[in-house]
Amino acid sequence: MEQAFQALLEDWKAVKGNVIPLLQKTQDIYGYLPLEAMREIARTTGKSAAEIYGVATFYAQFRFTPMGKHVMKVCHGTACHVQGADSLDTVIESKLGVAPGNNTADGKFTIERVACLGCCSLAPVVMIDGEVYGRLTGDKLGKIVAGIGDGK
Amino acid sequence: MSGRPEVAVGMSSCGIASGARVVFDALKKEVAGRGLAVDVVETGCVGACHAEPLVEVRQADGRKYLYGNVDEARARTIVESHLAGGSPVADLLIPDDYTYLARQKRIILSNCGVIDPESIEQYMAREGYSALRKVLTSMTPEAVIEEVKKSGLRGRGGAGFSTGMKWTFARDSKSATGQKYVVCNADEGDPGAFMNRSVLEGDPHAVLEGMVICAFAIGATEGYIYVRAEYPLAIKRLQIALRQMEERRLVGNGIMGTAFSFHLHIKEGAGAFVCGEETALMGSIEGRRGMPRLRPPFPAVRGLWDSPTNINNVETYANIPHILTMGSAEFAKIGTEKSKGTKVFALAGKIKRGGMVEVPMGITLREVIFDMGGGIQGDRKFKAVQMGGPSGGCVPESMADLQIDYDSLSASGAIMGSGGMVVMDESTCMVDVARYFLSFVQSESCGKCTFCRIGTKRMLEILTRITEGKGEEKDIADLEELAMTIKSSSLCGLGQTSPNPVLTTLRYFRAEYDDHIRNRRCEARKCKALIRYAVDADACTGCMLCARVCPTKAARGERKKAHTIDQDACIRCGLCFEACRFHAITITTGREALQAAGRNA
């Protein structure tokens with residue numbers, strides 16, 4: 001296990017309510033939650049591996065497979081829904097060949113479907129690598145995706 | 001603030017997404033290039049999201065000018081003409097009597113878009129922490145609670161319980177552990193709501209000050225603010241604010257030199273809607289799956305780590321310093337008899353001017369949507385407004401004169417909720433909206449209660465069938481029966497309120513359900529299985545745009561000749577309709593659509 005991870009366990013082992021912060025910070029290190037890291041967290045916190053896995057799978061934030069180079073979150077909040085977020089999914093699927101919830105075959109993109117990014121007055125929106133793109137149309141998103149895919 | 005002129009850029013998430021950072025950099029560069037004695041500063045959300053990026057010029061003489069829809073070129077014009085030349089750019093100005101802003105009553109948002117949210121000095125220059133000082137130096141905890149009670153403040157998280165009462169319960173509760181907690185619910189999970197994000201991003205200290213005052217009032221020594229991880233900027237600004245408080249001994253041991261100590265932690269949520277429910281939220285802080293538990297005992301008796309705990313929403317805490325500064329009597333003058341103060345709403349959907357508005361309780365929906373929000377995009381017909389997210393309901397156009405207060409909204413079948421207002425027009429299908437919310441709560445149900453876990457699944461299946469044109473007459477009765485059973489047999493608010501979007505749409509838009517079931521028609525032309533796209537050969541110019549955007553190559557044709565849509569290949573995504581500049585794509589539904597499918601237009 002990486003040094004950063006060992007240091008993390010050391011820093012947090014005595015803090016009460018440490019399970020979720022540990023999982024979050026582990027994901028920051030690896031980009032996902034490796035099985036061995038979850039076992040290690042279980043040993044550190046004195047809980048069973050099943051309990052740690054149970055907590056991790058309960059929350060939408062945690063991933064159990066490595067992420068693509070770029071993470072795209074497609075917002076499906078109410079405002080985005082009424083402003084046509086479904087057609088953004090169609091564009092993504094046709095341009096990148098995968099439906100939300102998956103990684104592209106080349107590992108460039110991870111596409112996630114999220115409940116609401118809270119930028120409702122700019123609907124429909126997607127968040128790519130932490131940056132929000134708003135007032136999208138299918139055409140606009142297609143160009144943005146192509147631009148990022150080309151490394152621009 | 002300095003005596004120098006300032007130019008402030010609204011840098012909340014929405015502003016940044018609209019290009020505020022580019023504008024900020026352009027202003028900085030231009031001001032520096034011209035050697036002007038002007039400060040370029042950041043501020044929070046002004047609230048007029050529809051006009052982002054927003055830039056405010058604050059002259060040394062105290063006059064202020066707000067510019068909307070600023071881009072890089074316009075930023076340079078503002079510097080050249082206004083800052084250097086002294087004459088405001090009239091074309092870009094948002095007028096002083098702009099109803100969107102003029103009709104607001106800004107208490108919670110009084111600092112948002114005014115101060116730099118990362119500067120505690122600016123917060124303090126506007127009476128920040130003076131309420132806390134007053135409380136710690138001249139009031140007893142009981143007197144603080146009495147003020148909050150007299151103000152009539154009710155919880156802004158949605159349910160509308162008296163805040164003063166809640167605090168009394170927590171204060172009176174004996175702690176077996178010797179510990180009490182203050183928790184702020186900033187897990188704003190309702191899709192379509194972003195009020196809390198804007199307050200946290202624009203004025204984080206106000207929320208934290210409210211929490212410290214609450215801690216003093218109930219006798220707590222530790223607190224948590226639980227923020228959803230989807231709000232990275234809010235988290236960052238809270239971290240900065242907390243550090244500044246620590247430096248100035250506004251939190252920690254011996255606050256403001258008194259004997260009162262209170263430790264505050266920021267907790268990042270991990271993405272579970274149910275954690276907006278208070279017992280689930282506490283479970284999540286403790287590091288467990290966020291599953292609600294039976295109440296009573298209420299958190300005031302047994303909450304976080306089995307200790308008495310007070311949980312309030314972001315906006316509730318943000319009200320506290322204002323109440324103590326202006327006095328409960330002054331606060332209670334605002335609003336209606338039973339709903340005091342103001343409420344912040346997030347206006348979104350098919351509305352011309354979306355954003356954040358803070359209005360006095362008692363204002364009507366029509367005033368908010370039409371007078372302030374400017375009405376419906378494209379001047380289409382207003383159909384309904386969804387309030388309160390998945391726990392709320394759709395209020396129809398015919399009830400637009402409904403007064404906004406807790407009790408009137410509950411009577412309509414909707415709820416105040418946390419303040420999301422999503423406006424819908426004739427192109428929104430109400431059955432599809434009901435299905436959308438059901439699919440949301442179904443996937444967010446924690447799974448503890450059978451009726452919520454399985455009942456919402458069954459309801460979703462029925463609704464999906466109806467939107468696919470496979471509905472049956474008995475579906476409506478089944479939906480109603482399931483809804484009532486889920487309401488009465490679920491433990492927490494999520495389950496109990498999850499059928500509300502279905503029940504309100506059934507109550508106000510029953511004809512639309514019937515139309516789907518009996519005529520296979522979707523009047524709004526939204527349900528994919530019930531519509532067909534075709535090209536109006538007379539209007540089509542053969543520009544080929546539809547063919548270019550079509551993901552399945554169903555739209556095709558030769559340049560300058562009318563195009564066609566292959567019905568077998570068409571997946572009805574609507575991209576051609578959205579792209580066509582000549583209104584040449586038509587959408588039919590019901591009998592016409594069936595005929596269109598037959599002849600493969």
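Helices (H or I, at least four residues) and strands (E, at least two) are DSSP runs, numbered from the N terminus. The model shown in these views is predicted: local features need pLDDT of at least 70, side-chain atom pairs count only at pLDDT 80 or more, and totals for chains, interfaces and linings use all residues. Residues are numbered from 1 along each chain as its sequence is written, while chains are lettered from A and ligands numbered from 1 in the order in which they are written.

**View 1. A cis peptide bond in chain A.** A:Pro124 lies in the loop between strand 2 (109–114) and strand 3 (126–128) of chain A. The bond that joins A:Ala123 and A:Pro124 is cis, with omega about -5 degrees. Most residues other than glycine have a negative phi, and most peptide bonds are trans.

**View 2. Two loops of chain B with backbone exceptions.** B:Arg295 and B:Pro296 are joined by a cis peptide bond, with omega about -5 degrees. The loop that holds B:Pro296 runs between helix 12 (278–285) and strand 8 (309–313) of chain B. B:Met256 is not a glycine, yet has a positive phi of about 55 degrees. B:Met256 sits in the loop between helix 11 and strand 7 (263–268) of chain B.

**View 3. An open sheet of 4 strands in chain B.** The strands follow the order 2-1-3-4, and their pairing is mixed; two strands pair if DSSP finds at least two bridges between them. Strand 2 (39–43) and strand 4 (64–67) of chain B are the edges, each with a single partner strand, so one side of each has no neighbour in the sheet. From one strand to the next the twist averages 20 degrees. Strand 3 (residues 55–58) and strand 4 of chain B run antiparallel and are joined by 4 bridges. Within this pair, B:Glu56 stands opposite B:Leu66 of strand 4 of chain B.

View 4. Helix 2 (residues 20–33) of chain B touches strand 1 (6–10), strand 2 and strand 3 of chain B. Its direction makes about 165 degrees with that of strand 1 of chain B. Helix 3 (residues 72–84) of chain B touches strand 1, strand 3 and strand 4 of chain B, and its direction makes about 15 degrees with that of strand 3 of chain B. Contact here is between two residues whose C-beta atoms, placed from the backbone, lie within 7 Å. Axes are lines fitted to C-alpha atoms, for helices over the stretch in contact, and angles run from 0 to 180 degrees between N-to-C directions.

**View 5. An open sheet of 5 strands in chain B.** The order is 10-9-13-11-12, with mixed pairing. Strand 10 (355–360) and strand 12 of chain B are the edge strands, and each pairs on one side only. On average, neighbouring strands are turned by 30 degrees against each other, direction ignored. Strand 9 (residues 342–349) and strand 10 of chain B are antiparallel, with 6 bridges; B:Ala346 has B:Met356 in strand 10 as its bridge partner.

**View 6. The hairpin of strand 11 and strand 12 of chain B.** Strand 11 (residues 382–387) and strand 12 (residues 393–396) of chain B pair in the antiparallel sense over 4 bridges. B:Gln386 is opposite B:Cys394 of strand 12 of chain B. The hairpin has 5 residues between the strands, and B:Gly388 takes a positive phi near 85 degrees.

**View 7. Helix 10 and helix 11 of chain B.** The axes of helix 10 (residues 204–218) and helix 11 (residues 232–247) of chain B come within 9 Å and cross at roughly 55 degrees. That makes helix 10 of chain B oblique to helix 11 of chain B, because angles under 35 degrees count as roughly parallel, over 145 as roughly antiparallel, 65 to 115 as roughly perpendicular and the rest as oblique. B:Pro204, B:His205 and B:Leu208 of helix 10 of chain B meet residues of helix 11 of chain B, including B:Arg237 and B:Leu238.

**View 8. Helix 19 and helix 21 of chain B.** The axes of helix 19 (residues 475–489) and helix 21 (residues 500–508) of chain B come within 10 Å and cross at roughly 135 degrees. Helix 19 of chain B is therefore oblique to helix 21 of chain B. Among the contact residues are B:Ile476 and B:Leu479 of helix 19 of chain B and B:Val502 of helix 21 of chain B.
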